[in-house]
Amino acid sequence: MELTDEQAAIRDVVQDFATEEIRPTALEADRTASFPEDVWDGLADLELTALTVPEEYGGFDADPVTAAVVYEEVARGMLAVATALSVHGLATSCIATFGSDDLQERWLPDMAAGRPVGAFALSEPHAGSNPAALSTVARRDGDEYVIDGEKQWITNGQRAGVYVLFARTDPDDPGSITQFLVPGDVDGLSVGEPEDKLGLRASDTTSLTFDGVRIPTENRLTEEGKGLSAALSVLTGGRIAIAAQSVGLAQSALEDAIDYSQEREQFGGPIGDIQAVRHRLAEMATRTRAARLLTRDAARKRGDAETAAGGAALEASMAKYFASETAMFVTNEAVQLHGGAGYVTETDVERLYRDAKITEIYEGTTEIQKTVIARELLDGD
């Protein structure tokens, strides 16, 4: 799974930015639960907020492998930033794929430059793993839709200036789910306070309440009833992004563990001389590399012309499942290798351990990934 010269060059640039600009802000951002906006502006300067925007609108228009490389390296700096970036990329991807020429011209150039920030509003308080059960309704009223309902677990909830929303056009028909673009400044839209989370604390995760929100019919992104299939197609790419972030998180913890094992001395020498420690590091490194290869394989298939319309579901779920569990395993091992130092908040591995858990939950839990994998194996063509 070798990278092209261009992909390797992009990786090196993002890796340097993550090391020099992102990671130094991570401890304070986590402690204060505040997003590092200067880092976001730096990502925009590198054109990374334009990752999934077509070139004609000032975008990067990255292929899936390049995008995966970027998300991995940004997550190596801080998962909260990588998550915000990938969700912004989900929003721009939806607008670029499903939006009219007018919507693309109005929104994508500014989003490519980093502002407004995009968000993806699918989950609800009673419809997380089962999006078909969502109850938010967008009723047609002449040349407008009137939206009522609630959304939950929205990344970039407070920071966003535009939301890609999924709602029923018929409250009694679960097959009427449709995709819409909702500006962040519309009347009737309320954004909740950020959730107080175990990890990913620098990322604002909020609820959204729609109370008689009116948007023009032109803001509909898909035909009525085509929104759920569109969401599932987009989430295939989203799962590859989470897999890549999981790899970056694991890589960061592995590097910390290697450094610590060479610096920390016990029993007359560095703990890296102890066989039990060496074997832990070997397993951590092997799992991380395997997760990276699974992720890049899924990204390559996603980018193939024959599967780009929505394929690679099997590979994406395998990558997300394995990489997220790898992130949990490697960060846990890194804390253990650090001993007492790994349990205090001044140590990066403590934050990485708390951040890792979310990778097994968002964009489809581990159980959902296994369900998709089994379905593809048993029921696929």
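Mentor: A residue counts as buried when its relative accessible area is under 20%, as exposed when over 50%, and as partly exposed in between (1.4 Å probe, protein chains only). By this rule both Y145 and F180 are buried. This is a predicted model, in which local features need pLDDT of at least 70 and side-chain atom pairs count only at pLDDT 80 or more, while totals for chains, interfaces and linings use all residues. Residues are numbered from 1 along each chain as its sequence is written, and side-chain values use heavy atoms, with hydrogens and water left out.

Trainee: What makes Y145 and F180 an aromatic pair?

Mentor: Rings of Phe, Tyr and Trp (its six-membered ring) pair if their centres lie within 6.5 Å; planes under 30 degrees apart count as stacked, over 60 as edge-to-face and the rest as tilted. The structure holds three such pairs. For Y145 and F180 the centres are 4.9 Å apart and the planes stand at 65°, so the rings form a pair that is edge-to-face. This pair links distant parts of the chain, with Y145 in strand 3 (residues 144–155) and F180 in strand 5 (residues 177–183), 35 residues apart. Helices (H or I, at least four residues) and strands (E, at least two) are DSSP runs, numbered from the N terminus.

Trainee: How do you know whether D12 is buried, exposed or partly exposed?

Mentor: D12, found in helix 1, has 36% relative accessibility.

Trainee: How do you know how helix 6 and helix 7 are oriented to each other?

Mentor: Axes are lines fitted to C-alpha atoms, for helices over the stretch in contact, and angles run from 0 to 180 degrees between N-to-C directions. The axes of helix 6 (residues 227–263) and helix 7 (residues 275–303) come within 9 Å and cross at roughly 155°. Angles under 35 degrees count as roughly parallel, over 145 as roughly antiparallel, 65 to 115 as roughly perpendicular and the rest as oblique. Helix 6 and helix 7 are therefore roughly antiparallel.

Trainee: What makes helix 8 and helix 9 roughly antiparallel?

Mentor: Their axes come within 9 Å and cross at roughly 155°, and this angle makes helix 8 roughly antiparallel to helix 9. In their contact (heavy atoms within 4.5 Å), residues of helix 8 including A327, M328 and H338 meet residues of helix 9 including V349, L352 and Y353.

Trainee: Why is helix 9 called mostly covered?

Mentor: Seven of the nine residues of helix 9 (residues 348–356) are buried, among them V349, E350 and R351. What covers the buried residues includes helix 1 (5–32), helix 3 (64–77), helix 4 (79–98), helix 6 and helix 8 (313–338).
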